[in-house]
Amino acid sequence: MTNPLADRIALVTGASRGIGFATAKALAKAGAHIVAVARTQGGLEELDDEIRKDGGSATLVPLNLTDSDGIARLGAGLHERYGKLDILVGNAGVLGPSSPIGHIELKAFTDVMAVNVSANFQLIRCMEPLLKQSDAGRAVFVTSGAANKATAYVSPYAASKAALETLARAWAQETANTKLRVNLFNPGPVRTRMRATLMPGEDPATLDTAEQVAEFIVPMCAPDWTETGKFYDYKTRSLMSFRSPA
């Protein structure tokens with residue numbers, strides 16, 4: 001099928017650059033109408049231009065995801081306009097400080113948690129009713145290997161991604177008997193601005209692009225995707241189940 005996501009509504013956060021930008025483009029190319037959310041108006045407009053070039057369509061939503069009331073208004077707007085949401089890609093995230101824990105200010109920690117965890121919590125609350133109105137609601141949250149590795153010197157980021165994983169897994173269990181499927185996606189090292197900030201000496205040419213990664217997110221958003229509560233690891237190209245520590 002040329003457009004496997006035709007007539008589907010897909011909300012993508014952090015859509016102005018990186019993996020979010022690439023995923024929004026890929027979903028649009030597959031036929032979905034994109035609701036693109038990001039803080040950066042210019043990046044959203046660039047995305048819109050790219051989507052239109054491919055014959056797709058998008059609704060641009062400049063929104064700081066720390067604005068929980070704004071997320072609620074977005075949910076209400078989607079309900080009024082479409083009456084449903086088919087796809088949610090929770091991609092937006094911030095790296096935060098790279099420093100020993102004892103040197104990190106409390107505000108810097110809470111700022112990371114606000115975007116990486118609390119915003120996704122609010123998205124789940126506000127978008128779940130819309131996703132349940134879809135004949136095949138799909139939610140994918142972008143996580144990181146830092147969550148299970150407990151990576152040193154990026155503790156706020158690692159802790160936030162671990163919390164996000166648990167939040168998504170709990171939601172997957174709560175909705176297991178519905179048509180909604182909830183999963184996590186770990187892209188690993190990718191040629192993005194965030195990666196360059198964390199690893200400034202790394203040669204970006206050695207990393208896969210966001211466009212390459214996005215091609216593996218799209219199938220997880222399709223109606224024929226049946227798994228829920230799983231973790232897709234891009235580096236190993238494998239779908240994993242979570243298990244308790246030995």
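Helices α4 and α6 cross in a right-handed sense (right-handed if the near helix is turned clockwise from the far one by less than a right angle, left-handed if anticlockwise). This is a predicted model, in which local features need pLDDT of at least 70, side-chain atom pairs count only at pLDDT 80 or more, and totals for chains, interfaces and linings use all residues. Residues are numbered from 1 along each chain as its sequence is written, and side-chain values use heavy atoms, with hydrogens and water left out.

Start with the helices (DSSP runs of H or I, at least four residues; strands are runs of E, at least two; both are numbered from the N terminus). Helix α4 covers residues 106-132 and helix α6 residues 155-174. They pack at an angle of about 15°, and their axes lie 8 Å apart. Axes are lines fitted to C-alpha atoms, for helices over the stretch in contact, and angles run from 0 to 180 degrees between N-to-C directions. That makes α4 roughly parallel to α6 (angles under 35 degrees; over 145 is roughly antiparallel, 65 to 115 roughly perpendicular, the rest oblique). On the α4 side, the residues in contact (heavy atoms within 4.5 Å) include F109, M113, F121 and L131. Among their counterparts in α6 are Y157, L164 and W171.

Helix α4 also packs with α3 (residues 68-81), at about 20° and with axes 9 Å apart. These two helices are therefore roughly parallel as well. Their crossing is right-handed. From α3, the contact includes I71, L74 and L78. From α4, it includes L123, C126 and L130.

Now turn to the aromatic rings. A pair of aromatic rings is described by the distance of the centres and the angle of the planes. The whole structure holds 6 aromatic pairs (rings of Phe, Tyr and Trp, the last by its six-membered ring, with centres within 6.5 Å; planes under 30 degrees apart are stacked, over 60 edge-to-face, the rest tilted). F185 and Y234 have ring centres 6.4 Å apart and planes at 45°, so this pair is tilted. The pair links distant parts of the chain, 49 residues apart. F185 sits in strand β6 (residues 181-186), and Y234 in the loop between β7 (230-233) and β8 (238-241).

F185 is buried at 0% relative accessibility (buried is under 20% relative accessible area, exposed over 50%, partly exposed in between, with a 1.4 Å probe and protein chains only). Y234 is buried too, at 4%.
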